Amino acid sequence: MAEILFFHLQSRPLEQVLPTILDRALARGQKVVVEVSSQERLSAVDDHLWTYADESFLPHVTAMEADAARNPIVLTTQAHNPNAAQVRICADGVRIPDALQDYERVVLIFDGDHPEALDAARADWKMVKASGHAASYWQQDEAGRWEKKA
């Protein structure tokens with residue numbers, strides 16, 4: 001069964017936390033697919049991952065590129081798994097996928113400042129718990145550090 005992690009953003013935006021999550025998955029030897037809700041958001045995340053730090057590099061492509069299947073990180077707006085990733089990151093309003101069995105880990109990153117995002121995350125939490133998957137809930141503190149809340 002997949003491990004499901006809920007990350008509640010409060011003090012830092014997705015662009016600041018995503019590179020760390022991706023780095024950790026790559027360090028574990030895992031492929032990652034990141035799904036966002038729109039082409040505009042995908043373009044912004046793609047641009048950010050190329051420039052977020054001078055000393056780091058996150059090898060990635062978008063799902064539209066011909067070599068997506070061979071890349072460790074693929075960005076998409078679709079509910080597919082183009083690189084046979086073990087980790088799926090759902091961000092920017094994307095919900096937990098139905099195909100949880102296809103992943104070792106699913107990460108839902110949601111914005112705590114948006115009531116709709118909170119409601120959707122709560123609904124996904126209930127669904128995940130009812131289906132018997134291991135789930136954990138992490139919330140940012142004032143300094144941006146993650147604290148496990150459940």
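**Exercises on a predicted fold**

Strand E2 (residues 32–35) and strand E4 (residues 73–76) pair in the parallel sense, over four bridges. Strands (E, at least two residues) and helices (H or I, at least four) are DSSP runs, numbered from the N terminus. Two strands pair if DSSP finds at least two bridges between them. The model is predicted: local features need pLDDT of at least 70, side-chain atom pairs count only at pLDDT 80 or more, and totals for chains, interfaces and linings use all residues. Residues are numbered from 1 along each chain as its sequence is written, and side-chain values use heavy atoms, with hydrogens and water left out.

**Exercise 1.** Find the bridge partner of Glu35 in E4, then name the helix that packs on the sheet there.

*Solution.* 
- Step 1: Glu35 has Thr76 as its bridge partner in E4.
- Step 2: Helix H2 (residues 39–51) packs on the sheet and touches E3 and E4. Contact means heavy atoms within 4.5 Å.
- Step 3: The direction of H2 makes about 155° with that of E4.

**Exercise 2.** Give the strand order of the sheet and identify the strands at its edges.

*Solution.* 
- Step 1: Eight strands form an open sheet with mixed pairing, in the order E3-E4-E2-E5-E6-E1-E7-E8.
- Step 2: Strand E3 (61–62) and strand E8 (146–148) stand at the edges; each has a single partner strand, so one side of each lacks a neighbour in the sheet.

**Exercise 3.** Describe how H1 packs against H2.

*Solution.* 
- Step 1: Helix H1 (residues 14–27) and H2 pack at an angle of about 60°, with axes 11 Å apart. Axes are lines fitted to C-alpha atoms, for helices over the stretch in contact, and angles run from 0 to 180 degrees between N-to-C directions.
- Step 2: H1 makes the contact through Leu14, Glu15, Leu18, Pro19 and Leu22; H2 supplies Arg41, Val45, His48 and Leu49.
- Step 3: These contact residues divide into six nonpolar, one polar and two charged. Ala, Val, Leu, Ile, Met, Phe, Trp, Tyr, Cys and Pro count as nonpolar, Asp, Glu, Lys and Arg as charged, and the others, Gly among them, as polar.
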